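This briefing concerns the arrangement of the protein and the surroundings of its ligand. Please consult the sequence and the structure shown below alongside the points that follow.

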Amino acid sequence: MGEHRSILIFAEQEDGEIHQVSYELLGKGRELADRLGVELNAVLLGWQMESKSSELIYRGADNVFLYDHPSLRDFDVIRYGRNIVKLVRETRPEIFLIGATRIGRTLAPRIAAALKTGLTADCIDLALDEDANLIQIRPAFSGNIMAQIRTKTRPQMATVRYRVMRMRERDTDRRGKIIKMKVEVIEETGMKIIEKIRADEVNLADAEVIVSGGRGLRRPEDFKLLQELAEALGGVVGSSRPLVDAGWISKDHQVGFSGNTVKPKVYIACGISGSPQHLFGMRDSDVIIAINKDPTAPIFNVSDYGVIGDLYEVIPLLIREIKNKARRGGKSDGKAGGDD
Ligand SMILES: Cc1cc2nc3c(=O)[nH]c(=O)nc-3n(C[C@H](O)[C@H](O)[C@H](O)COP(=O)(O)OP(=O)(O)OC[C@H]3O[C@@H](n4cnc5c(N)ncnc54)[C@H](O)[C@@H]3O)c2cc1C
C-alpha cells in the first residue's frame with residue numbers, strides 16, 4: 001500500500017448545506033477505512049462552514065480538512081480543484097471518493113487529470129480485493145453486466161451515485177479533528193456568478209413517493225393525470241426514458257440507468273414495462289406498485305402490488321379513493337380515514 005494511508009471523501013455543500021451524498025460516502029468510506037485500518041478524512045470547501053464540519057465527524061469522518069473562505073462559498077471548479085489537488089498531493093490518500101452529482105461530476109475529472117490518476121464514474125458499489133485494492137463496481141453495456149474496475153494509479157478515484165450507499169446513524173459522541181487549512185485564494189478564474197436562478201427541477205432522489213409514467217401514456221398532456229395522483233400522495237412525477245427522449249417531460253424526471261437512481265417509500269409505475277435499464281433506477285424502492293395492461297410485463301416481477309389494468313381507468317379510481325379518504329380523515333370527529 002506504500003505511503004497511502006487514508007481514505008478521503010469530498011464533502012459537497014451548496015448554499016451552506018451539506019449534500020446527503022457526502023454522508024453516504026462517509027458511510028461506505030468508514031466501512032472501507034476500518035477494513036484497511038486507515039483514517040477516513042473529509043475535505044469541505046465553503047464559507048462559514050465550521051459549524052457544519054462536525055456533522056461530517058458525527059457521520060464517520062476522523063478528520064475534516066476545512067477550507068473556509070468567501071471565495072469558496074459557491075462552487076468554482078478551478079478554486080475547488082486547485083485546493084483539493086494540493087491537499088491530495090500532501091496527504092496522499094489511498095482512495096478518494098466524490099458524489100456523482102452535478103458538482104462532483106464537474107470536479108472529479110479535473111482533479112483526476114491533474115493528479116494523473118484514473119477515475120471510475122458513477123459507481124454503485126465499492127469493495128476491496130485480497131490485496132486491499134479498491135474494486136469499483138459500475139454497470140456496463142446498458143446495465144447488463146456489472147463491471148469491476150481496478151485502478152493501477154493512486155489515489156484510486158471514483159464518483160459514486162447518490163442514493164446507492166447507506167449512511168451511518170448520526171453519532172454525536174464521535175470525536176474527530178477539524179483541521180483549518182490555508183486557502184489558496186484565486187482571484188480570477190474566468191468564471192463569475194451573475195445571478196443564481198433556481199432550476200425548476202424535480203428532486204426525484206429525495207422524494208418519498210414517485211408516480212412514474214411510461215409508454216403506456218398516449219399523449220404528453222396525460223402526465224397531468226400522474227401529476228394529480230402524485231399530488232394526492234404528496235409525491236412527484238417520474239418517467240421512463242422514451243418519454244424523455246420524445247421531449248414529453250424533462251430529463252430530471254427520468255428514472256433508470258441513464259437517469260436518476262431513486263429509493264422512495266412508494267414507487268408507482270404506470271404503463272412501464274420494466275426494462276432492466278428502468279429497474280436499475282428504482283428496484284430499491286421500499287414498496288413498488290405497478291399498473292400495466294399486460295400481465296406478463298416484467299415490472300410485475302419486482303412489484304409488491306400489481307394492478308393488471310388500463311392506467312386510464314385505474315388512476316382516476318385511485319385518485320378518487322385517496323381524495324375520499326382524505327376528506328373522511330379530515331372530518332371534525334378526528335377519526336382517521338377508516339380501514340379501507
Ligand atoms: C444505454 C441505455 C440506457 C437506458 N436508460 C434508461 C433509463 O435510464 N430509464 C428508462 O426507463 N429506460 C432506459 N432505457 C430504455 C429501456 O431499454 C426501455 O426502452 C424503456 O425503459 C422502456 O420504457 P417503457 O417501459 O415506458 O416502454 P415500453 O417498454 O414500451 O412499455 C410500455 C408498457 O406500457 C403498458 N401499457 C400500454 N398501454 C397501457 C395502458 N393504457 N395502461 C397500462 N399499461 C399500458 C404496456 O403493456 C407496456 O408494458 C435505456 C436504454 C439503453 C440502451
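The protein is divided into two parts: domain 1 spans residues 6-180, and domain 2 spans residues 209-329. The model is predicted.

**Domain arrangement**
- The centres of domain 1 and domain 2, taken over C-alpha atoms, are separated by 33 Å.
- Contact between the domains involves 11 residues of domain 1 and 11 residues of domain 2.

**Interface between the domains**
- About 820 Å² is buried between domain 1 and domain 2, and 52% of this area is on carbon and sulfur atoms.
- On the side of domain 1 that touches domain 2, the residues comprise 6 nonpolar, 3 polar and 2 charged.
- Between domain 1 and domain 2 there are 3 residue pairs in polar contact, with both residues at pLDDT 80 or more.
- The count of salt bridges between domain 1 and domain 2 is 0.

**Ligand surroundings**
- The ligand is surrounded by 26 residues, of which the closest are S240, Q254, S258, S273 and N292.
- Q254 places a polar side-chain atom 2.8 Å from an oxygen atom of the ligand.
- For R215, a backbone N or O atom lies 2.8 Å from an oxygen atom of the ligand.
- For L311, a backbone N or O atom lies 2.9 Å from a nitrogen atom of the ligand.
- On its own, the ligand has 990 Å² of accessible area, and the protein covers 77% of it.

Technical notes: Residues are numbered from 1 along each chain as its sequence is written. This is a predicted model: local features need pLDDT of at least 70, side-chain atom pairs count only at pLDDT 80 or more; totals for chains, interfaces and linings use all residues. Side-chain values use heavy atoms; hydrogens and water are left out. Domain bounds come from an automatic or database domain assignment. Contact means heavy atoms within 4.5 Å. Buried area is the accessible area (1.4 Å probe) that two parts lose on being put together, summed over both. A salt bridge is a side-chain nitrogen of Lys or Arg within 4 Å of a carboxyl oxygen of Asp or Glu. A polar contact is a pair of N or O atoms within 3.5 Å; within protein, one must be able to donate a hydrogen and the other to accept it, and residues adjacent in sequence count only if both atoms are side-chain atoms. Ala, Val, Leu, Ile, Met, Phe, Trp, Tyr, Cys and Pro count as nonpolar, Asp, Glu, Lys and Arg as charged, and the others, Gly among them, as polar. A residue is near a molecule or strand if one of its heavy atoms lies within 4 Å of it. Accessible areas come from the Shrake-Rupley method with a 1.4 Å probe; for residues, only the protein chains shown count as cover.
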